[in-house]
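Below are my comments on the model you sent.

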Amino acid sequence: MLEIEGLQKSYGKVKALEGIDLHVAPGEVCGLIGPNGAGKTTLVSVVTGLRDADAGSVRVAGLDAASNRKGIRGIIGCAPQELGLYPTISVRANMEFFGRWNGVRGRRLSTRIEEVADALDLASLLDRRAGDLSGGQKRRLHTGLAMLHAPRLLFLDEPTVGADVVARMRLLEAVKRISSQGCTVVYATHYLAEIESLGASVAVLEAGRIRERGPLAEVVARHGQSRAELEFSGDAPRLAGWQQKGSRLSIVTADPASATAAAIAKLNGEASRLRGVRIVPASLESAYLAITGHGPDIMEENNAQA
Ligand SMILES: Nc1ncnc2c1ncn2[C@@H]1O[C@H](COP(=O)(O)OP(=O)(O)O)[C@@H](O)[C@H]1O
Ligand SMILES: [Mg+2]
């Protein structure tokens with residue numbers, strides 16, 4: 001559905017994309033993840049034609065994007081990172097405007113407005129002024145505007161920024177639904193839990209390059225690190241193979257349950273000071289940190305603060 005080859009883009013001296021190769025299959029949800037400044041928004045902008053590439057090629061549904069701008073316009077939908085709504089007109093009027101802009105008219109337009117409003121829980125808001133919506137509602141409308149023409153390839157750039165927990169869950173549900181109807185989705189985010197919830201495939205973008213690409217389970221299996229932690233009252237005892245820090249022992253291992261059982265058997269008299277045991281399975285987060293060159297330490301520090 002989407003074939004990107006050797007894509008490069010610079011802003012003056014800043015190289016935002018340093019040769020991106022990325023293929024996304026029909027019906028796939030591709031989670032484009034990476035830290036701020038990785039190049040996610042630049043990639044989405046170039047692929048959707050909002051910016052010109054310096055080099056490389058993009059094919060959408062087999063069509064060369066550069067020479068078929070018009071042809072692919074009806075195929076692609078994009079909700080950019082920056083909100084784009086008309087605040088002084090109603091939600092419905094926004095949808096009518098963007099729908100027409102993308103070639104949807106007449107009865108089909110009213111049907112699509114109803115369907116999209118349903119999918120994104122906007123039905124009760126259709127007559128409200130867009131500018132009066134909450135942050136999460138605006139984000140849902142902004143996402144819905146990209147879907148009105150039922151694109152076969154949808155780009156969502158940080159679609160849940162500013163959305164509360166419920167709004168986020170609804171949006172993820174809507175993405176799952178349109179994906180189950182055959183729409184291909186490129187979902188840029190730095191919220192890794194959303195990628196896990198979507199069951200998306202993963203493309204890790206960092207400093208303008210794709211660092212890793214594959215199905216979620218494979219990426220986690222390849223790079224994810226599971227670990228175990230033992231918490232003591234007072235300073236943790238020393239134990240071979242385990243890292244001691246304050247009241248905690250921790251170990252990064254493929255088999256944290258066995259490591260924990262073996263450790264407990266070796267504790268002897270110290271066992272009475274054991275206060276807690278935690279098994280942390282390999283996650284996309286640990287894989288992501290490993291891929292982007294951070295060890296598991298950063299997660300432990302994070303957990304210690306939590
Ligand atoms: N309009 C612009 N002018 C100059 N530099 C930009 C512009 N947009 C993005 N950049 C730079 O390009 C790099 C990639 O940015 P961006 O694509 O927004 O990353 P992301 O969406 O992953 O946070 C960053 O170094 C950013 O500062
Ligand atoms: Mg961005």
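**Notes on the predicted model**

1. By class, the shell around ligand 1 holds four nonpolar, six polar and one charged residues (Ala, Val, Leu, Ile, Met, Phe, Trp, Tyr, Cys and Pro count as nonpolar, Asp, Glu, Lys and Arg as charged, and the others, Gly among them, as polar). The surrounding residues are Tyr11, Val14, Ala16, Gly34, Asn36, Gly37, Ala38, Gly39, Lys40, Thr41 and Thr42; a residue is near the ligand if its C-beta atom, placed from the backbone, lies within 6 Å of it. Strand E2 (14-24) and helix H1 (40-47) each give at least two residues to this shell, and the largest share, three residues, is from H1. Helices (H or I, at least four residues) and strands (E, at least two) are DSSP runs, numbered from the N terminus.

2. This is a predicted model, in which local features need pLDDT of at least 70 and side-chain atom pairs count only at pLDDT 80 or more, while totals for chains, interfaces and linings use all residues. Residues are numbered from 1 along each chain as its sequence is written, and chains are lettered from A and ligands numbered from 1 in the order in which they are written.

3. The domain assignment, automatic or from a database, gives domain 1 (2-214) and domain 2 (223-305). Their centres, taken over C-alpha atoms, are 39 Å apart. Nine residues of domain 1 are in contact with five of domain 2 (C-beta atoms, placed from the backbone, within 7 Å). On the domain 1 side, helix H7 (192-198), strand E9 (201-206) and strand E10 (209-214) give two or more residues each, with the largest share, three residues, coming from H7. That side divides into five nonpolar, no polar and four charged residues.

4. Helix H8 (residues 216-223) packs against helix H10 (residues 284-291) at an angle of about 60°, with the axes 8 Å apart. Axes are lines fitted to C-alpha atoms, for helices over the stretch in contact, and angles run from 0 to 180 degrees between N-to-C directions. H8 is therefore oblique to H10; angles under 35 degrees count as roughly parallel, over 145 as roughly antiparallel, 65 to 115 as roughly perpendicular and the rest as oblique. Leu216, Val219, Val220 and His223 in H8 meet Leu284, Ala287, Ala290 and Ile291 in H10. This contact has seven nonpolar, one polar and no charged residues.

5. The axes of helix H3 (residues 91-101) and helix H4 (residues 106-119) come within 10 Å and cross at roughly 125°, so the two helices are oblique to each other. Their contact divides into four nonpolar, one polar and four charged residues.

Key
Contact = placed C-beta atoms within 7 Å.
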